Amino acid sequence: MEPDEQLALIMPMLTGIVDRIEPGQLELTTPCAAFTVRGVIDHMVGGARAFAPAFRGSEPEADAVAPGTATAQHPGASFRAAMADLLDAVSSPGALTRIVMAPFGEVPGAIFARFVAFDGLIHGWDLATSTGQAFDPPDALVSEIDA
């Protein structure tokens, strides 16, 4: 399974989880000790806003990844938009073969997209666990991402 296919399966799960988060749950702690629920969402939106341009071969706007820009009272709309843009970028021509500057160095887009899919799967579990939601990604997807 190609990384853009992995992300196409993960994104609807993630947006569904975020859409069901209540405003009062945003400050809950998560299994990811560094983040609250709001922090995980901000992290994911900031990453999507930073990396979508990289998959397209351009630079992100300076304020696009500022902490706290993702969530106001409810993060659903900004999260959904950021994830849709990221998926569009990963699926764009040349994205998987383009060299992308990742937090851990320069890598081919396909390698980094697989990392993004892994990160999405883990943080989806963080959000679901913290907010009492079910998280049941298909076994085949988990096996592909874990490989």
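# A predicted model, question by question

User: Is Gly39 buried or exposed?
Analyst: Buried means under 20% relative accessible area, exposed over 50%, and partly exposed in between (1.4 Å probe, protein chains only). Gly39 has a relative accessible area of 16%. That value is under the cut-off, so Gly39 is buried.

User: What pLDDT do local features need in this model?
Analyst: Residues are numbered from 1 along each chain as its sequence is written, and side-chain values use heavy atoms, leaving out hydrogens and water. The model is predicted: totals for chains, interfaces and linings use all residues, side-chain atom pairs count only at pLDDT 80 or more, and local features need pLDDT of at least 70.

User: Which element holds Gly39?
Analyst: Helices (H or I, at least four residues) and strands (E, at least two) are DSSP runs, numbered from the N terminus. Gly39 falls in the run of residues 37–56. That run is helix 2.

User: In what order do the elements run from the N terminus?
Analyst: The protein has five helices and two strands. From the N terminus on, they run α-α-α-β-β-α-α.

User: Are helix 1 and helix 4 roughly parallel or roughly antiparallel?
Analyst: Axes are lines fitted to C-alpha atoms, for helices over the stretch in contact, and angles between N-to-C directions run from 0 to 180 degrees. Helix 1 (residues 3–19) and helix 4 (residues 109–130) pack at about 25°, with axes 9 Å apart. Angles under 35 degrees count as roughly parallel, over 145 as roughly antiparallel, 65 to 115 as roughly perpendicular and the rest as oblique. So helix 1 and helix 4 are roughly parallel.

User: How many residues in the contact of helix 1 with helix 4 are nonpolar?
Analyst: Contact means heavy atoms within 4.5 Å; the residues involved include Leu7 and Ile10 of helix 1 and Val116 and Leu121 of helix 4. Ala, Val, Leu, Ile, Met, Phe, Trp, Tyr, Cys and Pro count as nonpolar, Asp, Glu, Lys and Arg as charged, and the others, Gly among them, as polar. Three residues are polar and one is charged, while the nonpolar ones number 13.

User: Is Thr15 buried or exposed?
Analyst: Thr15 sits in helix 1. Leaving aside neighbours within four places in sequence, Thr15 is in contact with Phe79, Arg80 and Met83. Its relative accessibility is 15%, so Thr15 counts as buried.

User: How far does the backbone oxygen of Pro12 lie from a polar atom of the side chain of Thr15?
Analyst: Pro12 supplies its backbone oxygen, and Thr15 supplies a polar side-chain atom. The two atoms are apart by 3.2 Å.

Technical notes. Polar contact = N/O pair within 3.5 Å; in protein donor to acceptor, adjacent residues only side chain to side chain.
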